[in-house]
Amino acid sequence: CAALIYGAADVLNVSFSEQSKGNNNALVDDDDYDGANIMEGSSQRLGLLFGFVGIGCFLGPIIVDRFTDMDRVTSLERACVGSFLLMAIGCYGLSLSSSPFDEHGDHRNFFWVCAFTSVRSAGSSVVW
């Protein structure tokens with residue numbers, strides 16, 4: 001079940017990384033940037049997004065492991081339900097911060113895209 005969301009999220013990561021500073025909804029090439037952006041290329045943003053995927057995949061199981069016991073089935077069920085909740089929160093957060101740049105060209109929304117990507121991947125790695 002977690003693998004179903006990973007493919008779609010990876011495609012969205014590419015889409016998020018290619019959005020320009022000046023046009024919140026348009027996908028552009030790296031040649032269209034004016035150089036005033038803190039992270040000029042989409043390659044850097046895509047690398048950051050996949051880095052946050054890795055952080056979530058690393059921290060999710062480590063945190064959940066403290067609350068699970070292989071001898072108690074209910075703790076494993078709670079971990080699965082919690083991971084689905086994390087995936088839902090991550091996807092919902094990504095939908096709210098769907099543009100990495102706000103209307104002023106600031107990159108604050110990209111931080112939230114990275115944070116919610118990490119939350120989503122933490123939940124997905126726990127189920128995996």
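The following exercises, each with a worked solution, concern a predicted model.

Local features require pLDDT of at least 70 and side-chain atom pairs count only at pLDDT 80 or more, while totals for chains, interfaces and linings use all residues. Residues are numbered from 1 along each chain as its sequence is written, and side-chain values use heavy atoms, with hydrogens and water left out.

**Exercise 1.** Determine whether Ser-75 is buried or exposed, and state what Ser-75 touches.

*Solution.* 
Step 1. Ser-75 belongs to helix 3, residues 73-96; helices (H or I, at least four residues) are DSSP runs numbered from the N terminus.
Step 2. Ser-75 has 3% relative accessibility. Buried means under 20% relative accessible area, exposed over 50%, and partly exposed in between, with a 1.4 Å probe and protein chains only. Ser-75 is therefore buried.
Step 3. The Ser-75 side chain reaches the backbone oxygen of Arg-72 at 2.8 Å.
Step 4. Leaving aside residues up to four places away in sequence, Ser-75 touches Phe-67, Thr-68 and Asp-69 (contact means heavy atoms within 4.5 Å).

**Exercise 2.** Identify which residues make the nonpolar surface patch, and describe the place of Leu-59.

*Solution.* 
Step 1. Ile-55, Phe-58, Leu-59, Ile-62, Ile-63 and Phe-67 make the patch, which covers about 620 Å².
Step 2. Leu-59 lies in helix 2, residues 42-65. With a relative accessible area of 39%, Leu-59 is partly exposed.

**Exercise 3.** Classify the aromatic pairs, and state which residues form the aromatic cluster.

*Solution.* 
Step 1. Rings of Phe, Tyr and Trp (its six-membered ring) pair if their centres lie within 6.5 Å; planes under 30 degrees apart count as stacked, over 60 as edge-to-face and the rest as tilted. The count is 2 aromatic pairs.
Step 2. The ring centres of Phe-111 and Trp-112 are 5.1 Å apart and their planes stand at 75°, so this pair is edge-to-face.
Step 3. Trp-112 and Phe-116 form a tilted pair, at 6.0 Å centre to centre and 35° between the planes. Because Trp-112 and Phe-116 are 4 residues apart in helix 4 (residues 108-127), about one helical turn separates them.
Step 4. Phe-111, Trp-112 and Phe-116 form one aromatic cluster.

Technical notes: Helices (H or I, at least four residues) and strands (E, at least two) are DSSP runs, numbered from the N terminus. A polar contact is a pair of N or O atoms within 3.5 Å; within protein, one must be able to donate a hydrogen and the other to accept it, and residues adjacent in sequence count only if both atoms are side-chain atoms. Patches are made of residues with over 30% relative accessible area and no salt bridge: like charges are joined within 9 Å, nonpolar side chains (Val, Leu, Ile, Met, Phe, Trp, Tyr) within 5 Å. Accessible areas come from the Shrake-Rupley method with a 1.4 Å probe; for residues, only the protein chains shown count as cover. A salt bridge is a side-chain nitrogen of Lys or Arg within 4 Å of a carboxyl oxygen of Asp or Glu.
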